[in-house]
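Subject: Handing over the structure

Hello,

Here is the structure I promised to pass on. Please open it first, and then read my notes below alongside it.

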Amino acid sequence: MRHSLKRSSLLLFLIGALLLTGCWDQKDIDTRGYVLGLAIDSYPPDPQSSESTGPNQASPQEEEKLEKMQLHTGEPGYAMTIQLPILANADMPEGPGIQSAEGSQSWEITQIGNSFFSINREMASRTGLSLYYEHLQVLILSEEVARKGLINILDMFMREPEMRRGIKVLICPGEAKSILDVVPRIDKYSSVYLSGIFDNSSRNSRMVYHTNMGDVICALHDGHDFVLAKVISTKDENKASGGAVFHNGRMAGWATEMEVEAINLIRNTYEGGVITVDTPKGEEGRVAMEITNEKAEITPIVNGDQVSFRIDIKVEGDYSEDINLHTHEKLSEPFLKSLEAEYEKEIQDLCTETIESMQEKFKADVFQFDRILQAGEPAYWERMGSDWNSIYPDVGVTVHADVHIILTGI
Amino acid sequence: MKEERLMPPQVMTLTACGILGIDILIVQRDMVGVAGQDAWISLILGGMTAMILGSVCYYLAHLYPEMDLPQILLHIFGDFFGRIILLPFIVYDVLYLGMSLRIFAQALKMFLLSATPMLPIVVLILLAAGYAVCKGVFAIGGIMDIIFPLCAVTILGILLMPMNQIHLSNLKPILYKNTGNVVKGILTGYQQFTGYGTIAYFYCYTQKTKGTFKWYLAGLGIPIFLYIALTLITIMVFGPTDIGYLTYPTLTLAKSIEIPGTFLERAESFAAILWINIVFVSVALLLFRTKRNFLELLHMKTKHQNYVIWGIALLLIGIALFIRSGTEAISFFSKIKKSSRIFGLLIFPFITAMGYIKKRRETRA
């Protein structure tokens, strides 16, 4: 009896070992295609932004043969491009000089279709790698695609388990694919380079760093307007500056760098940055303050069916630099107080102008006043919420800034 | 007289593990579906209800300290009626366990093992849980002692890591024209904690001391706290509308954790691995309960328990894989879960009342 028990235990162990040594999901690391960046363009492309081909590259006709796929239904509407690192070339020297197909460190594959999931699967017919999206850093959308509306295209990115909510969603004025084509000077891959730029949000307030897929999905589901980061590029450089304004899930226009700075100040998404003002009296000097701490409080004021908002912005910063001004004897208390007043005025003017611009130009509630009303004034929202789109452009907003200079340097 | 005795602190781990289970993945969706942004209030009230009714269940076990639930039923209601009352317990446990295995397999497939069929996932966890049950209650208690702290720490990690993404405004307005839904949500909240009934199966194996009840309450309180905190954080991170679109909000919450640097981009894999342990202990406890129910129903001797365990395992595989559609499986699981209210609110208090009367008569006689 004991003998047979031992035998069955051994059998069970062997079966277990057989089952557990490898599983259906086993995948060797070198057979995975780690998608680092993804760009979506409209198709057919705008003729003005057509891709240029180098001497060793295939002709546009040959390229298009590869990129097109047969569709079950409808016409192709989008071109999706992915960036894959070529791990075999990972040790090669980096930089814009390395551009030949053999020496390239990444591979950009474009596929045309009308469903991103089927485009993704069609790409499998062009690479021996199994595409893997867990390490996706950036999703770049062309302006044309963004203007058609995000809710139409983001479903795969919400549904697919490999997609992460932290993927950065960026909008590009021209062809989105061109951003992936950038050959960075320091980093190996343009997607990683681009994603890394947003780590500087504590030093530069003119970029939208709250640009994650998760934030976009929440805003779309809740029906809030929002701003996403704008990105432009040259052959070897990207710049993430300014923003794309979204109203009702569609891109409504571009916000300037300064407007993004104001939006960050109002929405409590200001991580850090620099504000410069002219000296208060007489001299043609200029003083830069690095903002180290910022807090905005938005208070809705409801009076019957009328609503207005008061925004109180408290800012702390350090006296960082002066230009055309020799202040070593002048950093007196009255001078700093007058400087603080200048900063307050600058912030108030900047925010007021931005709010007016968003109200008039785009009718976009990127400050999410609607969210504040829903949470803080539910009775008002219940009565007037359905008319918010027509109420918002005329809503009165007053901005009050309170600035304190803390440190003055050595 | 039972030979093996569980220590009073093990009552806490067993009770907590009996409550934590597959529901940890979907508790927020169930609650927000009923009470919106006030779901956490319903969960607090549901948790308080569970504390009260859990105490009733403990009292029943305390009345007959050397018997487990199926033995108590046969003792109070006699061999025939006792078995009749035992039947719904068996049906509930088997269906709940089978569908838990199914939800577990499909969630694991979705997030970790996309190419692995569900059958081996279900079979492997049943093999592990079945082996633990074969080894007896003391082995189960020992496993819980190791796994429970790891699980609690993991859940706390999932709660704390997304703190930088929370928006307090997602909780507002609080109780604005939503009181009715909050009250409705109490039952939904309560049903998340009906696993407290596990005490009726394990009390007879426990050392009886004055502190045992306190350990039991602690075992009830820990999952209540964790579920409330999980629901609060999930609402604050995603908002009530977005939660409605998420199939497994807890896994999405774990996925939303961003650790600076690129060396740990899939931190949620650790959560998934430890979540497998949570499901394993939950399955082991339910399998133990089902085994005990079947042994008493069929009047079988303990030495034949292994046949019962593996027989139940085969039945569970069939139940787990019977429904093909994932959405239907989740919907069926919710219906089964709803029926747990009948046990907690009606059957257990009824058995306790009958047990009390019977005990008084026995004492007088």
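A word on terms before the findings: a residue is called buried under 20% relative accessible area, exposed over 50%, and partly exposed in between (1.4 Å probe, protein chains only). Please keep in mind that this is a predicted model, where local features need pLDDT of at least 70 and side-chain atom pairs count only at pLDDT 80 or more, while totals for chains, interfaces and linings use all residues. Residues are numbered from 1 along each chain as its sequence is written, chains are lettered from A and ligands numbered from 1 in the order in which they are written, and side-chain values use heavy atoms, with hydrogens and water left out.

**The two domains of chain A**

Chain A is assigned a domain 1 (30–46 + 62–255) and a domain 2 (261–407); such bounds come from an automatic or database domain assignment. Their C-alpha centres are 33 Å apart. Domain 1 of chain A brings 22 residues to the contact and domain 2 of chain A brings 19, where contact means heavy atoms within 4.5 Å.

The size of an interface is often given as the accessible area lost when the parts come together. Here, buried area is the accessible area (1.4 Å probe) that two parts lose on being put together, summed over both. For domain 1 and domain 2 of chain A that is about 1,600 Å², with 52% of it on carbon and sulfur atoms. Ser205(A), His224(A) and Asp225(A) account for 32% of the area that domain 1 of chain A buries against domain 2 of chain A, more than any other three residues.

Ten residue pairs are in polar contact across this interface (both at pLDDT 80 or more). A polar contact is a pair of N or O atoms within 3.5 Å; within protein, one must be able to donate a hydrogen and the other to accept it, and residues adjacent in sequence count only if both atoms are side-chain atoms. On the domain 1 side, the elements of chain A that give two or more residues are strand E8 (226–233), strand E9 (238–247) and strand E10 (250–255). Helices (H or I, at least four residues) and strands (E, at least two) are DSSP runs, numbered from the N terminus. E10(A) has the largest share of that side, four residues.

**One salt bridge between the domains**

How many salt bridges are there between domain 1 and domain 2 of chain A? The count is one, with a salt bridge defined as a side-chain nitrogen of Lys or Arg within 4 Å of a carboxyl oxygen of Asp or Glu. Arg206(A) forms a salt bridge with Glu261(A), and their closest N and O atoms are 3.6 Å apart. The partners are 55 residues apart: Glu261(A) lies in helix H9 (residues 257–266) of chain A, and Arg206(A) in the loop between helix H7 (190–197) and helix H8 (213–222). Glu261(A) is buried because its relative accessible area is 2%, whereas Arg206(A), at 27%, is partly exposed.

**Where chain B meets chain A**

Chain B gives 30 residues to the contact and chain A gives 24. About 2,400 Å² is buried between chain B and chain A, and carbon and sulfur atoms give 52% of that area. This interface holds three salt bridges. Glu382(A) forms a salt bridge with Lys177(B), with the closest N and O atoms 2.9 Å apart. There are also twelve residue pairs in polar contact between chain B and chain A (both at pLDDT 80 or more). On the chain B side, helix H5 (118–135), helix H9 (212–245) and helix H10 (249–255) each supply at least two residues, and H9(B) has the largest share, five residues.

Over all chains, the whole structure has 23 salt bridges. One of them joins Lys345(A) and Asp349(A) at 3.0 Å, N to O. Both residues lie in helix H10 (residues 333–362) of chain A, four residues apart, about one turn of the helix. Lys345(A) is partly exposed at 48% relative accessibility, and Asp349(A) is partly exposed at 32%.

In chain B, the side chains of Lys337(B) and Asp23(B) meet in a salt bridge (3.5 Å, N to O). Lys337(B) is buried at 4%, and Asp23(B) is buried at 2%.
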